[in-house]
Amino acid sequence: MKSKKNVGAYVRVSTSMQEENDSLKTQISKIESYCELHDYHLHKIYEDVGSGGDDERESFKELQRDIDNGKIDILLVYETSRISRKSNTMISFISNIIEKNVDFVSISQPDLNTTTSTGRLFFTINAGLAQYEREQISSRVKSSAYERAKKGHWMAGQLPIGYKRDEEKNIIIDEVGARQVKNFFTTFIGNQSLKKTADLFGKPVESMRWILTNPFYIGKYRFGVRKNNLHNKKKQRTGEYILVEGSQEAIINKEMFDKVQLYIKGNRALNKKNIKKSNFILGGLIKCSCMKKMYGNGNYVKKYDRLYRSYQCDNCKKKVDADLIEEQIFERLKEFEQLREINDISIDNVELVKSLEVYKNRKISILKEKDRLLTLLLKELIDESEFTKNREKIGKDLEVVTEEISNLEETIKKKEDGSDENFEILVEVSNNYKNYELIDLRELLRMIIKEIVIKDINNRKDFEYDIILEY
Ligand SMILES: [Zn+2]
């Protein structure tokens, strides 16, 4: 016979007041009936009373020890309302116990149940999105400096060569400087060498690079992105830029500017043998068919004037096309939406409907029990005190079952309506991933995907793989 799963249940109330005491009893009776219904063995109920200070959470610590020692298969709680479902602590706590092969179930939130495949997927995606939202909050979009730049205020004191201010402080073109700048650009296109161009005009290479890559010349501002460094809590340059529309007139046309950027990028790629690692959102997530990890690699091919992005294996040197696999991964993420729909109707809702049936039958038998009790009293087979005692118990059972039924009915209805905005966000990100910041996408993908295992590579554009989800 298969042994029953061991359940550890955790309950906490903030005070020992009577009202809270009742709520504790209700929670415990719900936990007991849940275990009975699912045929789980209730190993222990861990009870804490207090507002949550460290010294008041003795039972919680005991619970964690028991989890570490493998005494528990499932951690059961009645609700997680005190800790929001998306909060950091909650998610890292659940991730943590999942790693120890312990499942998490919240009775009043049937979606928060990692014993089912949909529940796990739901948790994984929720965790990924919570992480993504945190990133967004600290992102450049919210920064006030960016807001100022967006309104067109040129923040740096000195204007780039080719521009000057008139009496009203407006930015206007300085004809002499502008001619010089045009000269820099055309010369560079001719020789495609930063060093040669810089030498020719007697300028340091880095200041020539600064001029040739400055979008101020096409009428935009370059706004350097600074982000909080989590380790030293200081703002740091990330090397990324945001472009905002400026009020100044352009000196260089966009076509010429873009061409110059491509050459400069290409030279960099050739010089440094690779381009920025953070441009490869799947770097380190892909495992080659030889079992070694694959990392981003960019190659500029002058003959075709193109940058080829690949993920390459350090070991066997095989490559897959980066643009292609990134596009496919986001297509696959969208399929999870379909997976959810199928699951909700065919698997998970079936489970929920089954539970609902069980609870409804139970309600019927409790009502029968109530009738029987009354009959016994009328036939004077039991006395009044025994009747009262039994009736109280029946009343409580009835209350628990009725609430459970309405919880389940609500969840089933929600699933049928398909109203789940988290999946909508995932689909939105997948549809428009090119509009999102690479750093955010990297984080999001790492929260959802454990690894991408390449099974076979015929060539850069022809390969097969499996996606393994986190958890
Ligand atoms: Zn390999």
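Mentor: Start with terms. Helices (H or I, at least four residues) and strands (E, at least two) are DSSP runs, numbered from the N terminus. The protein chain has 13 helices and 14 strands. This is a predicted model, in which local features need pLDDT of at least 70 and side-chain atom pairs count only at pLDDT 80 or more, while totals for chains, interfaces and linings use all residues. Residues are numbered from 1 along each chain as its sequence is written, and side-chain values use heavy atoms, with hydrogens and water left out.

Trainee: What makes Cys 288, Cys 290, Cys 313 and Cys 316 donors of the zinc ion?

Mentor: Donors are N, O and S atoms within 2.8 Å of the metal (3.2 Å for Na, K and Ca); water is not among the atoms, so sites may look incomplete. The SG atoms of Cys 288, Cys 290, Cys 313 and Cys 316 lie 2.3 Å from the zinc ion. Therefore these SG atoms count as donors.

Trainee: Why is the site of the zinc ion called tetrahedral?

Mentor: Four donors count as tetrahedral if all angles lie between 85 and 135 degrees. Here the angles among the four donor atoms are 100 to 124 degrees. So the site is tetrahedral.

Trainee: How are the donor residues of the zinc ion spaced in sequence?

Mentor: The spacing is C-x1-C-x22-C-x2-C. Cys 288 and Cys 316 are 28 residues apart and link distant parts of the chain. Cys 288 sits in the loop between strand S9 (286-287) and strand S10 (293-301). Cys 316 sits in the loop between strand S11 (306-313) and strand S12 (319-321).

Trainee: How do you know whether Cys 288 is buried or exposed?

Mentor: Buried means under 20% relative accessible area, exposed over 50%, partly exposed in between (1.4 Å probe, protein chains only). Cys 288 has 0% relative accessibility, so it counts as buried. Cys 316 has 32%, so it counts as partly exposed. Of the 471 residues of the protein chain, 42% count as buried.

Trainee: What about Asn 101: buried or exposed?

Mentor: Asn 101 has 66% relative accessibility, so it counts as exposed. Asn 101 is in the loop between helix H3 (88-99) and S4. Its phi is near 65 degrees, a positive value in a residue other than glycine. Gln 192 is not a glycine either, and has a positive phi of about 50 degrees. Gln 192 is in the loop between helix H6 (175-191) and helix H7 (194-200).

Trainee: What makes S1 and S2 a pair?

Mentor: Eight bridges join strand S1 (residues 6-13) to S2. The definition asks for at least two, so they pair. Val 11 stands opposite Glu 47 in S2.

Trainee: Which residues does Ile 325 touch?

Mentor: Contact means heavy atoms within 4.5 Å. Not counting residues up to four places away in sequence, Ile 325 touches Leu 282, Ile 286, Tyr 311, Val 320, Ile 452, Ile 454, Phe 463 and Tyr 465. Ile 325 lies in helix H10 (residues 322-378). Ile 325 has a relative accessible area of 0%, so it is buried.

Methods. Four donors count as tetrahedral if all angles lie between 85 and 135 degrees; four count as square planar and six as octahedral if opposite donors are over 155 degrees apart and all others between 65 and 115; anything else is irregular.
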